[in-house]
Amino acid sequence: MEGGIEAQLSPDEKWIAFRYSTSNQPWELYLQENKPGATAVQITSLAQSAEFKTYPWRTPEVLTFAARDGANVYARLYTPDPAKKNGAAVIFVHGAGYLQNAHKWWSSYFREYMFHNLLTDMGFTVLDMDYRGSAGYGAEWRTGIYRHMGGKDLTDHVDGAHFLAKNYGVDPKRIGIYGGSYGGFITLMAMFTTPGEFKAGAALRSVTDWAHYNHGYTQAILNTPVEDSIAFARSSPIYFAEGLKGHLLMCHGVVDTNVHFRTSSD
């Protein structure tokens with residue numbers, strides 16, 4: 001069964017219960033006997049309403065493209081119907097930095113998944129990548145942003161934009177980028193430090209200065225502002241705001257208890 005499986009054995013080890021999903025079908029519960037050739041039986045049907053099932057949710061293509069340093073970047077690609085294709089593209093940046101989203105099971109970013117279906121309906125090509133620092137690709141990948149957030153993680157997105165322009169008929173002057181939290185941070189760095197690469201950006205609940213963010217998260221990557229001021233200075237969008245070129249939307253909820261809204265409003 002292609003997709004994602006989270007399994008649990010029964011206490012007597014005669015049965016296997018597991019959650020299963022695909023990239024276009026949310027999680028449901030299944031049960032099967034613990035023996036070779038056993039057939040899994042779906043025992044819940046709670047994740048999709050009748051209305052939800054009427055829409056032909058896409059199965060995005062999982063592919064790789066080469067970054068400028070030769071690394072293979074995994075990504076989800078949504079391609080529009082040729083008759084609707086408008087020549088523009090949107091690049092989505094997942095949050096947290098260390099998450100994984102280029103996979104074949106139901107994404108924790110289900111809202112964005114549905115939004116990407118809408119964008120594709122409208123003729124946009126959409127790319128959603130596991131940039132440098134994302135989980136699931138080994139220690140070298142995970143530590144590729146050490147002392148420089150907004151370095152290789154950002155150039156992976158720029159290289160992704162070039163990949164779309166070269167291979168999927170996307171106009172390089174009509175590419176936008178968006179994301180929330182860490183994705184908002186990357187969006188700001190893209191709009192501030194790579195002028196001309198992205199026509200527009202939407203930075204949601206963004207970290208603007210890493211010195212003001214969660215110590216337990218940040219110190220593992222940038223050390224501390226006292227010990228490593230250079231790492232913080234080159235990784236924080238607030239120091240590059242004068243480089244903005246293109247259209248930028250910044251949105252931040254005032255009840256955000258993780259990235260406080262003052263980081264955007266100040």
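Guide: In the hairpin of S5 and S6, with five residues between the strands, Gly70 has a positive phi near 90°. This is a predicted model, where local features need pLDDT of at least 70 and side-chain atom pairs count only at pLDDT 80 or more, while totals for chains, interfaces and linings use all residues. Residues are numbered from 1 along each chain as its sequence is written, and side-chain values use heavy atoms, with hydrogens and water left out.

Visitor: How many bridges join S5 to S6?
Guide: Six bridges link S5 (residues 61-66) and S6 (residues 72-78), and the two run antiparallel. Strands pair if DSSP finds at least two bridges between them.

Visitor: And what stands opposite Asn72?
Guide: That's Ala66, facing Asn72 in S6.

Visitor: Okay, zooming out: how many helices and strands are there?
Guide: Eight helices and eleven strands. Those are DSSP runs numbered from the N terminus: helices are H or I with at least four residues, strands are E with at least two.

Visitor: Why is the chain called as compact as a globular protein of that length?
Guide: Because its radius of gyration (over C-alpha atoms) is 20 Å, close to the 18 Å from the globule rule (2.2 Å times the number of residues to the power 0.38) for 266 residues.

Visitor: What does the C-alpha trace span?
Guide: About 60 × 50 × 40 Å along the principal axes.

Visitor: New topic: what share of residues is buried?
Guide: 46% of the 266 residues, with buried meaning under 20% relative accessible area (1.4 Å probe, protein chains only).

Note on methods
Buried < 20%, exposed > 50% of the residue type's maximum accessible area, 1.4 Å probe, protein only.
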